[in-house]
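Open the model in your viewer and keep the selection tool ready. This tour goes stop by stop.

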Amino acid sequence: MIQLSLDGKRLYVTNSLFSAWDKQFYPDLIQQGSHMLQIDCNTESGGLAINENFFVDFGKEPDGPALAHEVRYPGGDCTSDIWI
């Protein structure tokens, strides 16, 4: 899944799509958990760069491996938080 921040400067990427699909096509992901990366988007001159200081390993969650799908922040940082 991918989510773009409202200002278009950060793209959040996970290696999990839907739990049912993950279970069917990526059984190792269920055992290991998913990951999330942040990609910095240069909105002035173009280009993308992986933020090496931002990496979330959901396989190390206290209650066992977890899957990350959509990313939402309180206060609405991502496009999925736009409500009309």
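What follows is a list of selections, with a note on what sits at each.

**Before you start**

This is a predicted model, in which local features need pLDDT of at least 70, side-chain atom pairs count only at pLDDT 80 or more, and totals for chains, interfaces and linings use all residues. Residues are numbered from 1 along each chain as its sequence is written, and side-chain values use heavy atoms, with hydrogens and water left out.

**Stop 1: the whole chain**

Two helices and four strands make up its secondary structure. Helices here are DSSP runs of H or I with at least four residues, strands are runs of E with at least two, and both are numbered from the N terminus. Along the sequence the order is β-β-α-α-β-β.

Now switch to a surface view. The accessible surface is about 5900 Å², and carbon and sulfur atoms hold 56% of that. Such areas come from the Shrake-Rupley method with a 1.4 Å probe; for residues, only the protein chains shown count as cover. Of the 84 residues, 29% count as buried. Buried means under 20% relative accessible area, exposed means over 50%, and partly exposed lies in between (1.4 Å probe, protein chains only).

How much of the contact count comes from residues 24 or more positions apart? Among contacts with a separation of 6 or more, the share is 54%. A contact means heavy atoms within 4.5 Å.

**Stop 2**

Select residues 2-4, strand β1; three bridges join β1 to β2, and the two run antiparallel. Strands count as paired if DSSP finds at least two bridges between them. Click Ile2: Val13 in β2 stands opposite. Five residues separate the two strands of this hairpin. In the turn, Gly8 has a positive phi of about 75°.

Next, select Asp7 and Arg10. They form a salt bridge, with the closest N and O atoms 3.3 Å apart. The term covers a side-chain nitrogen of Lys or Arg within 4 Å of a carboxyl oxygen of Asp or Glu. The structure holds one salt bridge. Asp7 is partly exposed, at 42% relative accessible area.

**Stop 3: the end of β2**

Select Thr14, in strand β2 (residues 10-14). Is Thr14 buried or exposed? Thr14 is buried, with a relative accessible area of 8%.

**Stop 4: a nonpolar patch**

Select Leu17, Phe18, Trp21, Phe25 and Tyr26. Together they form a nonpolar patch on the surface, with about 560 Å² of accessible area. Patches are built from residues with over 30% relative accessible area and no salt bridge; like charges are joined within 9 Å, and nonpolar side chains (Val, Leu, Ile, Met, Phe, Trp, Tyr) within 5 Å. Zoom in on Phe18, in the loop between β2 and α1 (19-25). Phe18 is partly exposed, with a relative accessible area of 43%.

**Stop 5: β3 and its partners**

Select residues 35-41, strand β3; five bridges join β2 to β3, and these strands run antiparallel. Arg10 has Asp40 in β3 as its bridge partner. Val13 stands opposite Leu37 in β3.

Ile39 faces Ile50 in β4 across the pairing. Asp40 has Ala49 as its bridge partner in β4. The β3-β4 hairpin has six residues between its strands, and Gly46 takes a positive phi near 90°.

**Stop 6: Asn53**

Select Asn53, in strand β4. Asn53 is exposed, with a relative accessible area of 78%.

**Stop 7: Ala66**

Select Ala66, in the segment after β4 (48-57). Ala66 counts as partly exposed, at 25% relative accessibility. Which residues does Ala66 contact, leaving aside neighbours within four places in sequence? They are Gly33, Ser34, Phe58 and Glu61. Finish at Ile30: it lies 36 residues from Ala66 along the chain, yet their C-alpha atoms are separated by 7.5 Å.
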